[in-house]
Amino acid sequence: MGHHFVGIPDLTGVPRVAVVIDVMRAFTVAAWAFSRGVEKIVLAPTRSAALALKESNPGWLALKDGAPAAGFDAVNSPGLLRSRDLTGRTLVQKTTAGTVGALAVADAPLVLCASFVVAGPTARFLREQARGPVTFVVTGGEGRAEEDLACAEYIGRCVTGDEVEAGPYLHRARTSRAAADLAAGRRGGYHPDDVDLCLELDRFPFAMTAHREGPLTVLRRRTAGSGG
Ligand SMILES: O=C(O)[C@H](CS(=O)(=O)O)OP(=O)(O)O
Ligand SMILES: [Mg+2]
C-alpha cells in the first residue's frame with residue numbers, strides 16, 4: 001500500500017483518507033485537551049473567527065498558538081494545558097500549522113488528526129476503518145518538518161501491521177528544528193516539558209477524527225474497536 005506524504009501547499013483535490021500530523025504542538029495539545037475532559041474541539045480558520053465563535057457560544061473556550069493574548073483562554077502548550085480541568089467544555093483551536101492542515105482536507109470522507117501521543121490508536125483506527133492508501137498531511141515546514149514526517153512515516157508503517165520500532169522515529173522528532181526551537185524557548189506560549197510531552201508515544205488510548213458539522217469543522221475523540 002503506497003501512502004502519500006504531502007505538505008499543505010502541495011495538497012490537490014480531496015483525499016479519500018487523510019491523516020493530518022502536527023506533533024509540535026497542535027495535535028499533542030488537542031489530545032491533552034480531550035484527556036482533560038474537553039467534549040469537542042472546533043478548528044477555526046483565523047484568530048478572529050476563534051474569538052467570534054467563543055463570543056457567540058457561551059461557555060466555549062478559545063486557544064491559539066504563540067503568546068497568551070486577550071480573549072484567549074489557553075495557548076498551544078501541552079505543559080500548560082495538562083493541569084486544566086476542561087470537563088464538558090468546547091474548545092476552539094487556531095494554530096499556525098495543525099489546524100490549517102486539518103481545514104485544508106476537511107471535505108475528505110475520513111480525516112484523522114494525529115501526533116505521537118495518539119499514534120498507535122490512530123494506526124489501529126485506520127486498520128479497522130480504512131482500506132488503501134492514506135494521505136498524510138505533514139503540516140510543519142511546508143511538508144518538510146522532521147517531527148511531523150517521522151510521525152507520519154511511523155503511523156504509515158504501523159498501519160501495515162508490521163512490528164515497528166518507534167525509537168528511530170522519536171529520535172528524528174527529538175532532534176528536529178521544532179524541538180530545538182521549543183527547548184530554547186524560541187516559540188511562544190511554552191512550558192519546559194513541552195518537547196517531552198510531544199514525544200510520549202501512545203500516551204492516550206484514543207484517535208481523533210475531524211468532521212464537518214454544519215459550518216464548523218469539529219475534532220472528536222474516537223476509540224478503535226468501539227465503533228465510535
Ligand atoms: O504552537 C506551535 O508549536 C506552532 C506555532 S509555532 O511554530 O510555534 O509558531 O503551531 P502548530 O500549528 O502547533 O505547529
Ligand atoms: Mg507543528
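Student: What makes the pair between D65 and ligand 1 a polar contact?

Tutor: A polar side-chain atom of D65 is 3.1 Å from an oxygen atom of ligand 1, and a polar contact is a pair of N or O atoms within 3.5 Å, so the pair counts. T95 has a polar side-chain atom 2.6 Å from a ligand 1 oxygen. With A26, a polar backbone atom is 2.9 Å from an oxygen of the ligand.

Tutor: Bear in mind that this is a predicted model, where local features need pLDDT of at least 70 and side-chain atom pairs count only at pLDDT 80 or more, while totals for chains, interfaces and linings use all residues. Residues are numbered from 1 along each chain as written, chains are lettered from A and ligands numbered from 1 in written order, and side-chain values use heavy atoms, without hydrogens or water.

Student: Why is D22 called buried?

Tutor: Its relative accessible area is 3%, and buried means under 20% (exposed is over 50%, partly exposed in between; 1.4 Å probe, protein chains only), so D22 qualifies. M24, at 6%, is buried as well.

Student: What coordinates the magnesium ion, ligand 2?

Tutor: D22 (OD) and M24 (O), at 2.2 to 2.3 Å.

Technical notes
A polar contact is a pair of N or O atoms within 3.5 Å; within protein, one must be able to donate a hydrogen and the other to accept it, and residues adjacent in sequence count only if both atoms are side-chain atoms. Donors are N, O and S atoms within 2.8 Å of the metal (3.2 Å for Na, K and Ca); water is not among the atoms, so sites may look incomplete.
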